[in-house]
Amino acid sequence: MTNKSKIRWLFALVLVIYVLEFAIKLKFEEPYPAIVYPAFGDIPNISRPIKTVDIEALFNNNDSSEIDKKTLFYNLPGATTTVLLRENFTKNRSFLTPVVAKKSFTINIGFNHFKVNYFTLKSKKQRENGIKWFRNRLTSITHREDLKSMKVKWYTTSFDKEGNPLKNPAEEFLIDF
Amino acid sequence: MRSLTERVDRIIFKSFNLSNEALGFYRICFCVFLILVGVPVFTWIKKFPDIFFNPPPISIGALFTTFPSYFFLFFLSICVCILTVLLLFGVKPKLVSLLLGFFILIGKSFSYSLGKIDHDFLVWLTPMVMAFSNWGKAFTIHTVKVKSENDANSDRSWPVTLMALFLCLAMFSAAVPKIMGGWLNFSTQAVRAHLLSSYFQEGRQDFLAPYFLKLKSRAFWEMFDYAAIIFESTFLFALMKPNIFRGYVYMAILFHVMNLLMLNISFTGNCIFYLLFIDWKMVMNFLEEKGVLKFLRKMITVRNLTITLLLYAAFYIASLILSSDDVDYTISPVKSILKLFIADNTLIKLIIGNIILFFTLVLSTLNVILYFKKRKNLSASNSYA
C-alpha cells in the first residue's frame, strides 16, 4: 500500500470512528475521547424552575453553618461541582449506596432496544474514605471538630422578573459522621 | 473530469501547503501558548476521594476503578511540562509531540472521571496529529535534512487537513442536537432563551449582555438560531476550498467574540488552533522583514533549552508547594503573576482569555484584509496586462 493510500484510509477511519462516537453520544452518553463539541441543543425555559442546592454543616449542639459549595470542592468550576452533586447526593444517585452500584443504559438500533448493564465498584472502604473526606473538609472550613452531619438541600428554584430566586425545598441528603 | 480519488487527494494533500518555517513557527506559537496560558497538570485530582471516581462508561477512565496514585499524576504533570519545553526547542519533535499528546490525553481522561467532560480535545490532538507534519523541521536545535521540496510541503501537509477535518466534524456534532432540539422552529428563539438563562440564572450580566436583553424582535433572534445551525452544519463543506475554510475559521473567531460579549463565555482554548489555518506566507514574510525569525533562530540553542527547562520545572515544583487550596487545571507563570495582584481566579482566567481572543481577532482580521488587498492587486495587474 502506498503512503498516499494509507493516509486516505486514515481519513476514512477517522470518519468511521466519528460516526460511531457521535451515534453513541446522541443515543446514550458522551464517550471520552470524542471529537464532539457541546451543542446546547436544549432550549432553556426561563419560566421553568431549575434545581439548585445548598449545603449545611450540622454540629452536636444543634448549631448549623451554611457551606459555600465552591469552597467545599476546592473551587472546582461550577459546572463540575453541579455534576458531582447531582451524581452523588440524591436519593437515586447516592455515593452511600451498597458496595456495587448497578448502572444500565439502552442502545436503540432500528426498532431493537438493547439494555446493557454495567457495574461501578464502590467499596466500603471508598465510602468510608468519602465520609472521612467530608468531615475533614468541613472541619478545615468551619474550624470546628464537633460535627454531627452534613446536609445537602435541593430546591426547585424559579426566578422573578428582576432575576431574584424563589426557592421551594425538594429533597434532602444527609451524611452522618 | 477529475476522478473522485484525485479530488480527495487534492483536498488531503494540497489544501494547506505550509512551509517548514511556517510550521516550525506555529509549533513555537503552540508551545508558548501552552507555557504562558497554562500547561495541563493533574495532581489536583488527588484532592478528591475515590468515591467520586465516575468516568464515562466508554472512556479510558472506565478501564480503572479508582483515581491513580499521586505519584503517577505528578509524573504525568512534570512530563507534560518538560515535553512542552522540549517541543518548543524542537528536540526529537515527532516523538516528543506524540508523547505530549498522549500524556495530556491520559491526564484529561482522569480529570473528566469526576463526571464532567470539557471539550478541549484540541490541546492533545494538535501535537498528536502535527507530529506527522513537518513542524519539527525548522527552528530546532538539530540540523534537519529535508529530502526534497516535495517532502517539505505536499507530502506532509495532510496533518493540517486532518486537523481541519476534526474541526469540521466537531462543529457538525454541535449542529445536529440543535436541529433535534427545535432551534429551527419559529416559535422558539433558542439563542435568546440561552441569553435569558445565562443572564438571570447564572448571573452573567457583563459586556453587551444587558443591551442584547433589550432586543425583543423575534425575527432578529430567529436569525441567530438559523445562522448558528447553518454555520456549524456547513463547515464540513468548506473543506473543499481552503480559502472558504479560512473564511469559516474567521467566522468561528467572530462567533467566540460574540459569545463573550453576549453570554460572557470566554472560550479561548481553540484560538491557537484556529491560527493554524491563517495564511502563514504573509505572516512569515512580515516576520522575516522585521528580523523576528532571525532572532528566533539565534534563540534556539541547547543553552537556552537547558535554562528554560530548569526554570519551568522549578516553577512547577514551586507552584505545587506554594499553591493555595484551590483546584488549578493548568500552571502558568502569567497566571501566577496576576494572582499577586488579583484574588479572583475567575477574573484572571477572563483577563487572559480576553487578551488571547483579542490577539487572535486582530491577527486574523489583518490576514483577511491582506488577503483581499492581494486579490485586488492581482486583479488590477491582470486587467493592466
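1. Of the 177 residues of chain A, 38% count as buried, where buried means under 20% relative accessible area, exposed over 50%, and partly exposed in between, with a 1.4 Å probe and protein chains only. The accessible surface of this chain comes to about 10500 Å², and carbon and sulfur atoms hold 56% of it; such areas come from the Shrake-Rupley method with a 1.4 Å probe, and for residues only the protein chains shown count as cover. Please keep in mind that this is a predicted model, in which local features need pLDDT of at least 70 and side-chain atom pairs count only at pLDDT 80 or more, while totals for chains, interfaces and linings use all residues. Residues are numbered from 1 along each chain as its sequence is written, chains are lettered from A and ligands numbered from 1 in the order in which they are written, and side-chain values use heavy atoms, with hydrogens and water left out.

2. On to the fold of chain A. There are 4 helices and 6 strands, arranged along the sequence as α-β-β-α-α-β-β-α-β-β. Helices (H or I, at least four residues) and strands (E, at least two) are DSSP runs, numbered from the N terminus. Among contacts in chain A between residues at least 6 apart in sequence, 52% join residues at least 24 apart; contact here means heavy atoms within 4.5 Å.

3. D54(A) counts as buried because its relative accessibility is 17%. The C-alpha atoms of D54(A) and K153(A) are 5.1 Å apart, although 99 residues separate the two in sequence. Beyond four places in sequence, D54(A) is in contact with E66(A), K151(A), V152(A), K153(A), Y155(A) and K167(A). With K167(A) there is a side-chain to side-chain polar contact at 2.8 Å. A polar contact is a pair of N or O atoms within 3.5 Å; within protein, one must be able to donate a hydrogen and the other to accept it, and residues adjacent in sequence count only if both atoms are side-chain atoms.

4. Now the interface. Chain B contributes 67 residues to the contact and chain A contributes 60 residues. About 5700 Å² is buried between the two chains, 73% of it from carbon and sulfur atoms. Buried area is the accessible area (1.4 Å probe) that two parts lose on being put together, summed over both. On the chain B side, I51(B), F52(B) and Q201(B) lose the most area to chain A, together 13% of what that side buries.

5. The largest nonpolar core has 143 residues, and F73(A), F89(A) and F245(B) touch the most other members. Its largest share, 14 residues, comes from helix α7 (residues 158-180) of chain B. A second, separate core of 16 residues includes F200(B), A209(B), A228(B) and I229(B). A nonpolar core is a set of buried Ala, Val, Leu, Ile, Met, Phe, Trp, Tyr and Cys residues joined through side-chain atoms within 4.5 Å. Leaving out residues up to four places away in sequence, F89(A) touches residues including F73(A), W154(A) and F52(B).

6. N264(B) deserves a look. It lies in the loop between α11 (242-263) and α12 (271-274) of chain B, and N264(B) is buried, at 11% relative accessible area. A polar atom of its side chain lies 2.7 Å from the backbone nitrogen of D206(B). Among the contacts of N264(B) beyond four places in sequence are R204(B), D206(B), F207(B) and N259(B).

7. Two backbone points concern positive phi in residues other than glycine. F207(B), whose phi is near 50 degrees, is in the loop between α8 (190-201) and α9 (209-214) of chain B and is partly exposed at 37%. K92(B) has a phi of about 35 degrees, lies in the loop between α3 (70-88) and α4 (93-111) of chain B, and is exposed at 54%. In chain A, a cis peptide bond joins Y32(A) and P33(A), with omega about 0 degrees; P33(A) belongs to the loop between α1 (3-27) and β1.

8. Lastly, the cysteines. The whole structure has 0 disulfides over all chains, a disulfide being a pair of cysteine sulfur atoms within 2.5 Å. For C31(B), the nearest cysteine sulfur is that of C29(B), 9.4 Å away. C168(B) is too far for a bond because the closest cysteine sulfur, in C271(B), is 18 Å away. C31(B) is buried at 0% relative accessibility, and C168(B) is buried at 0% too.
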